[in-house]
Amino acid sequence: SFEELERLKLLNLSRNLLTKIENETFEYLEGLQTLDLSFNLIEKLDILSFFGLSNLLELNLSNNKISSLPYQLFATQTSLKTLQLSQNLITELKFEIFPSKPSLDEFYIDNNLLTFVDSKVIEALENAKVVDMRSNLCVDSKVPDDWSILKLGIHVGGSCNAENRVW
């Protein structure tokens, strides 16, 4: 339990063989700014896995086995600036996982199995400095005109057709 650690700023739980993050696991860590859960075996996240982390700035979930992201998973993380989801098994990226207007500066979802990205996600990330979607199953190269390929970090791969187009 984290009840006595409400002023904790950084929590590194990487490389611990964690398989799931239960609802409200971190609810007492109100002051937490950085949470590193990378290099675990996390397969499932619950809708309230990050409940209580309203001051969270950085979340690293890279190098796990996450295949889906629950509806409104990051809805209460309105301060989140860096989200790392690289090297997972994520197939879809729906806008509903974020708060109404995410404040992300950096978003990494490279090296997953993406076949669908909601166009609202792209719109919501328009002010981000880094959006990395390289090395996914199928990424159509049609992006907003004012986005540079370097910013988006797109690597076109797989065969994109009407059934599996990302945009």
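Me: What makes Lys44 count as partly exposed?

Reply: In this predicted model, Lys44 has a relative accessibility of 42%, and because buried means under 20% relative accessible area, exposed means over 50%, and partly exposed lies in between (1.4 Å probe, protein chains only), Lys44 counts as partly exposed.

Me: Which rules stand behind such values?

Reply: This is a predicted model in which local features need pLDDT of at least 70 and side-chain atom pairs count only at pLDDT 80 or more, whereas totals for chains, interfaces and linings use all residues. Residues are numbered from 1 along each chain as its sequence is written, and side-chain values use heavy atoms, with hydrogens and water left out.

Me: Why is the contact of Lys44 with Asp46 called a salt bridge?

Reply: The term asks for a side-chain nitrogen of Lys or Arg within 4 Å of a carboxyl oxygen of Asp or Glu; the closest N and O atoms of Lys44 and Asp46 are 2.8 Å apart, and therefore the pair is a salt bridge. Salt bridges that share partners join Lys20, Glu22, Lys44 and Asp46 into one network.

Me: How do you know that Lys20 forms a salt bridge with Asp46?

Reply: The closest N and O atoms of Lys20 and Asp46 are 3.6 Å apart, which is within the 4 Å of the definition, so this pair is a salt bridge too. The pair links distant parts of the chain, since Lys20 is in strand S2 (residues 20-21) and Asp46 is in the loop between strand S4 (44-45) and strand S5 (58-60), 26 residues apart; strands here are DSSP runs (E, at least two residues), numbered from the N terminus.

Me: Is Asp46 buried or exposed, and why?

Reply: Asp46 has a relative accessible area of 11%, and because this is under 20%, Asp46 is called buried. Lys20, with a relative accessible area of 33%, is partly exposed.

Me: What makes Ile47, Leu48, Phe51 and Tyr71 a nonpolar patch?

Reply: Patches are made of residues with over 30% relative accessible area and no salt bridge, where like charges are joined within 9 Å and nonpolar side chains (Val, Leu, Ile, Met, Phe, Trp, Tyr) within 5 Å. Phe51 has a relative accessible area of 35%, so it passes the 30% limit, and the four residues of this surface patch have about 370 Å² of accessible area together. Phe51 itself is found in the loop between S4 and S5.

Methods. Helices (H or I, at least four residues) and strands (E, at least two) are DSSP runs, numbered from the N terminus. Accessible areas come from the Shrake-Rupley method with a 1.4 Å probe; for residues, only the protein chains shown count as cover.
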